[in-house]
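Visitor: Please show me how to read the packing of a chain such as this one.

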Amino acid sequence: MIVIRNLYKSFDGFEVLKGINLTIETGEAVSIMGRSGTGKSVLVKHIVRLLRPTKGEVYVDGIRVDNADEKTLMKVRRKFGYVFQMGALFDFYTIEQNLYLPLYERGVKLTKRELRKRAASVLEKVGLDERVLELYPDELSGGMRKRASIARAIITEPEYIIYDEPTTGLDPITADLINDLIADLNEDLHTTTIVITHDLRCAFKTTRRIVLLYEGKIVFEGTPEEALKSDVPEVRKFIGTFGIRELRLDSMNANNN
Ligand SMILES: Nc1ncnc2c1ncn2[C@@H]1O[C@H](COP(=O)(O)OP(=O)(O)OP(=O)(O)O)[C@@H](O)[C@H]1O
Ligand SMILES: [Mg+2]
């Protein structure tokens, strides 16, 4: 479980987060939404302490992260897989080398054969052929690169997985395949899932709880159905830019699944 309590974050006096309170239950899938520059990435970076709060507290499974010592922090970070917004893969490493990086980082000692087995297993989960192992990131399509970075995030069998803008830059069909993959992984691996996105469709398809950030504060928290019915002006504005009928159908489909 992740607990964020009264979190404030400023950069050189510029206040980005203004008192965030958020609890994410174990096994849950939550999306953090909001316009570009509202502080979605900044908020989530606090969970693994890529950033430290100006004020407030962050807990992961009861461990206080914001002022933890390095050893405790490593213990917490090991629980996470992170699919980064930009440059998720290292261009000068093959996909195979990219996949093993988080294992090396965590000091996981496996034989070559065991490594290969793990790689094959995560590639299968994300729907990539083993042939990609010897390719370099720029030899893959955008959708394949996303899959490869998801494979790298799950290879350590994390308890939590964070996706920062998983569908940005993908065509709508490929984006939807990635949405399905995220939802399936949450279900199959029972991994607590946090999806940062400004794509409403992505949020609706991958998660059952939506958190909307606006000007550094949470202005809405609820299910996709509640979001559609909400009269919070920021929610209306956000949803107004999408085809509502299509979203209704989608959320109904999600319920039937
Ligand atoms: N390390 C940093 N130093 C100074 N300012 C920062 C830093 N990181 C983020 N910011 C600022 O914080 C604000 C929020 O940034 P953030 O990356 O969280 O936005 P976002 O909601 O993730 O946007 P996007 O949807 O475009 O990714 C921006 O104004 C950004 O310039
Ligand atoms: Mg961001």
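This is a predicted model: local features need pLDDT of at least 70, side-chain atom pairs count only at pLDDT 80 or more; totals for chains, interfaces and linings use all residues.

Visitor: What radius of gyration does the chain have, against that of a compact globule?

Guide: The radius of gyration is taken over C-alpha atoms, and the globule rule is 2.2 Å times the number of residues to the power 0.38. For 257 residues the rule gives a value near 18 Å, and the chain agrees because its own value is 18 Å.

Visitor: Which residues have the most contacts inside the largest nonpolar core?

Guide: In soluble globular proteins, nonpolar side chains tend to be buried together. A nonpolar core is a set of buried Ala, Val, Leu, Ile, Met, Phe, Trp, Tyr and Cys residues joined through C-beta atoms within 7 Å, where buried means that 20 or more other C-beta atoms lie within 10 Å of the residue's own, with exposed at 12 or fewer, partly exposed in between, and C-beta atoms placed from the backbone. Here the largest such core has 59 residues, and Ile32, Ala151 and Ile162 have the most contacts inside it.

Visitor: How do helix 3 and helix 5 cross?

Guide: Two packed helices are described by the angle between their axes and the distance between the axes. The axes of helix 3 (residues 95–105) and helix 5 come within 7 Å and cross at roughly 30°, which makes helix 3 roughly parallel to helix 5, as angles under 35 degrees count as roughly parallel, over 145 as roughly antiparallel, 65 to 115 as roughly perpendicular and the rest as oblique. Axes are lines fitted to C-alpha atoms, for helices over the stretch in contact, with angles from 0 to 180 degrees between N-to-C directions, and helices are DSSP runs (H or I, at least four residues) numbered from the N terminus.

Visitor: Which residues of helix 3 and helix 5 meet?

Guide: Ile95, Asn98, Leu99, Leu101 and Pro102 in helix 3 meet Ala148, Ala151 and Arg152 in helix 5, a contact being two C-beta atoms, placed from the backbone, within 7 Å. Ala151 also touches residues including Val122 and Leu128.

Methods. Residues are numbered from 1 along each chain as its sequence is written. Chains are lettered from A and ligands numbered from 1 in the order in which they are written. Helices (H or I, at least four residues) and strands (E, at least two) are DSSP runs, numbered from the N terminus. Lists of a residue's contacts leave out its neighbours within four places in sequence.
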